[in-house]
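I open a notebook page for this chain. I want the overall make-up noted before any single residue.

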Amino acid sequence: MTLVRHELRQDRTAFLIWTASVGCLLAVCVCLYPEMKGEMGDISDIFSSMGSFTAAFGMDRLNFGTLIGFYAVECGNVLGLGGAFFASLCGVGILSKEEKEGTAEFLLAHPVSRRRIITGKLIAVLAQVTAMNLIVYAVSVGVVAAVGEAVPWKEISLLHLACYLLQLELAGICFGVSAFMRKGAAGVGLGIAAIMYFLNLAANIAESAGLLKYITPFGFSEGADIAAKGRLDGKLVFIGMVMGVTGIAAAYVKYGRKDIH
């Protein structure tokens with residue numbers, strides 16, 4: 001647990017900044033809804049006629065004039081992208097930073113196995129991702145209630161759960177990538193998250209690219225589908241979790257045998 005506490009202390013500034021940023025953006029979006037809902041009917045008509053743009057963001061599958069429709073599009077994108085970037089950054093640098101910062105020799109000289117080091121760092125990543133999601137969920141529900149709207153508990157809970165699972169998958173994949181890196185890998189983590197996001201946009205626009213939904217975690221966390229169906233796609237979630245676990249398993253195998261410089 002000493003290593004876990006150390007990692008959490010090291011990353012607390014980044015954690016607070018990312019959590020505050022995502023939470024504040026969600027709060028601002030929710031606060032705008034009461035001012036805009038009288039005009040949402042016209043806005044929905046405009047968005048529904050924008051062709052590929054409408055399909056890309058799933059606005060053809062929900063009513064933008066309702067709270068959950070507005071939340072799924074506006075807040076869903078903020079939470080999805082913001083959370084994905086945060087989880088990817090947490091996972092992709094936590095193993096490689098020891099070589100980058102020259103602290104690997106100090107760490108590995110202690111009577112602690114590499115497996116325990118990997119486990120401690122993985123726990124720290126999962127703890128940060130989980131804590132951010134709990135805080136953001138509480139902020140979102142609190143702000144919805146504060147603006148006088150009825151809280152759609154099922155839909156909001158499913159949307160936040162899907163984004164949490166998305167972040168776990170990306171954190172696991174990037175954790176595995178981190179074991180193969182020797183220097184800072186922030187750009188790699190952000191790139192993985194961004195590529196996954198745009199793969200989902202491509203799958204929404206073109207029917208021929210529908211199989212990309214099975215690759216990107218944004219496929220099962222899309223707010224439009226969750227709001228319309230009232231459930232998550234179990235098959236896509238399972239595939240995503242397998243990919244995340246595979247990344248973690250790769251980290252254990254690679255880092256356990258890695259020649260640390």
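My entries follow, from the whole chain down to single side chains.

**Entry: overall make-up**

I am working with a predicted model. I looked up the secondary structure first. I find twelve helices and zero strands. Along the sequence I read α-α-α-α-α-α-α-α-α-α-α-α.

I then checked burial. Of the 261 residues in the chain, 48% are buried. I also looked at the contacts with a separation of 6 or more: 75% of them join residues 24 or more positions apart. For the accessible surface I note about 12300 Å². Carbon and sulfur atoms hold 66% of that surface.

**Entry: helix H1**

I went to residues 2-10, which make up helix H1. Leu3, Val4 and Glu7 are buried there.

**Entry: Ile68**

I placed Ile68 in helix H5, residues 67-93. Is Ile68 buried or exposed? Its relative accessible area is 18%. The limit for buried is under 20%, so Ile68 counts as buried.

I listed its contacts, leaving aside neighbours within four places in sequence. They are Pro152, Glu155, Ile156 and Ala227. I also looked up Ile226. In sequence, Ile68 and Ile226 are 158 residues apart. In space, their C-alpha atoms are 9.9 Å apart.

**Entry: Gln167**

I found Gln167 in helix H9, residues 153-180. Its relative accessibility is 0%, so I log Gln167 as buried. What does Gln167 contact, apart from neighbours within four places in sequence? I find Leu79, Gly83, Ala84, Ala87, Val129, Met132 and Asn133.

**Entry: salt bridge**

I searched for salt bridges and the count came to one. Which side chains meet in it? They are those of Lys213 and Glu222, at 2.8 Å from N to O. I checked the burial of both partners. Lys213 has 15% relative accessibility and counts as buried. Glu222 is buried too, with a relative accessible area of 8%.

**Entry: nonpolar surface patch**

I looked for nonpolar side chains on the surface. Leu211, Tyr214 and Ile215 form a patch there. Together the three have about 310 Å² of accessible area.

I took a further look at Ile215. This residue lies in the loop between helix H10 (186-205) and helix H11 (223-229). Its relative accessible area is 40%, so I note Ile215 as partly exposed.

**Entry: cysteines**

How many disulfides does the structure hold? I count zero. I wanted the reason for Cys31, so I looked up its closest cysteine sulfur, which is in Cys29. The distance is 9.4 Å, too far for a bond. The cut-off for a disulfide is 2.5 Å between the sulfur atoms.

Next I took Cys174, which is in no disulfide either. Its nearest cysteine sulfur is that of Cys90, 10.0 Å away. Cys174 is buried, with a relative accessible area of 0%.

Technical notes: Residues numbered from 1 in each chain as written. Predicted model: local features only at pLDDT ≥ 70, side-chain atom pairs only at ≥ 80, totals over all residues. Heavy atoms only, no water. Helix = DSSP H or I, 4+ residues; strand = E, 2+ residues; numbered from the N terminus. Buried < 20%, exposed > 50% of the residue type's maximum accessible area, 1.4 Å probe, protein only. Contact = heavy atoms within 4.5 Å. Patch = residues over 30% accessible without salt bridge, like charges linked within 9 Å, V, L, I, M, F, W, Y side chains within 5 Å. Areas by Shrake-Rupley, 256 points an atom, 1.4 Å probe, with all protein chains shown as cover. Salt bridge = Lys/Arg side-chain N within 4 Å of Asp/Glu carboxyl O.
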